[in-house]
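Have the picture open as you read.

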Amino acid sequence: MCLSLSTGLTYGQDLSREEVLQLITDDTCVCINSDKTLFNGEKTLNQKKMALGLCLLKSYNVHKKKSKELSNKGLDDFESIGEEVGLL
């Protein structure tokens, strides 16, 4: 179950890493919940991982520009971002 905890975040270049990670978390939850076929019982674990990764990547590409810290990084840090999003 995904819970949205974001509250009144401003959409500028100066969001903290944590604020952007929360936006990514919220988007990922929406992405997962919007297509029930992505995570049904018929999908393999690898298919579910791929769908989750695509949801994360799509949101990351949209929101990384909102944080100076994330905007300068490529995908080298993406695995740790996914882990952080998973903990939120």
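This is a predicted model: local features need pLDDT of at least 70, side-chain atom pairs count only at pLDDT 80 or more; totals for chains, interfaces and linings use all residues.

Two packed helices are described by the angle between their axes and the distance between the axes. For H1 (residues 17-34) and H2 (residues 45-63), the angle is about 135 degrees and the axes are 9 Å apart. Helices here are DSSP runs of H or I with at least four residues, numbered from the N terminus. Axes are lines fitted to C-alpha atoms over the stretch in contact, and angles run from 0 to 180 degrees between N-to-C directions. That makes H1 oblique to H2 (under 35 degrees is roughly parallel, over 145 roughly antiparallel, 65 to 115 roughly perpendicular, and the rest oblique).

## Who touches whom

The contact (heavy atoms within 4.5 Å) includes Val20, Leu23 and Ile24 of H1, and Leu52, Cys55 and Leu56 of H2. Its residues split into 9 nonpolar, 3 polar and 2 charged (Ala, Val, Leu, Ile, Met, Phe, Trp, Tyr, Cys and Pro are nonpolar; Asp, Glu, Lys and Arg are charged; the others, Gly among them, are polar).

Take Thr28, which sits in helix H1. Thr28 is buried, at 4% relative accessible area (buried is under 20%, exposed over 50%, partly exposed in between, with a 1.4 Å probe and protein chains only). Leaving out residues up to four places away in sequence, Thr28 touches Leu52, Cys55, Leu56 and Ser59.

## One arginine, two partners

Side chains of opposite charge can pair when their charged atoms come close. This structure holds 2 salt bridges (a side-chain nitrogen of Lys or Arg within 4 Å of a carboxyl oxygen of Asp or Glu). Glu69 meets Arg17 at 3.3 Å, N to O. Glu69 is in helix H3 (residues 68-71) and Arg17 in H1, 52 residues apart.

Glu84 also bridges to Arg17, with the closest N and O atoms 2.6 Å apart. Glu84 lies in helix H4 (residues 78-87) and Arg17 in H1, so this pair ties together parts that are 67 residues apart in sequence. Arg17 is buried, at 10%, while Glu69 is partly exposed at 41% and Glu84 is partly exposed at 27%. Together, Arg17, Glu69 and Glu84 form a network of salt bridges.

Note on methods
Residues are numbered from 1 along each chain as its sequence is written. Side-chain values use heavy atoms; hydrogens and water are left out. Helices (H or I, at least four residues) and strands (E, at least two) are DSSP runs, numbered from the N terminus.
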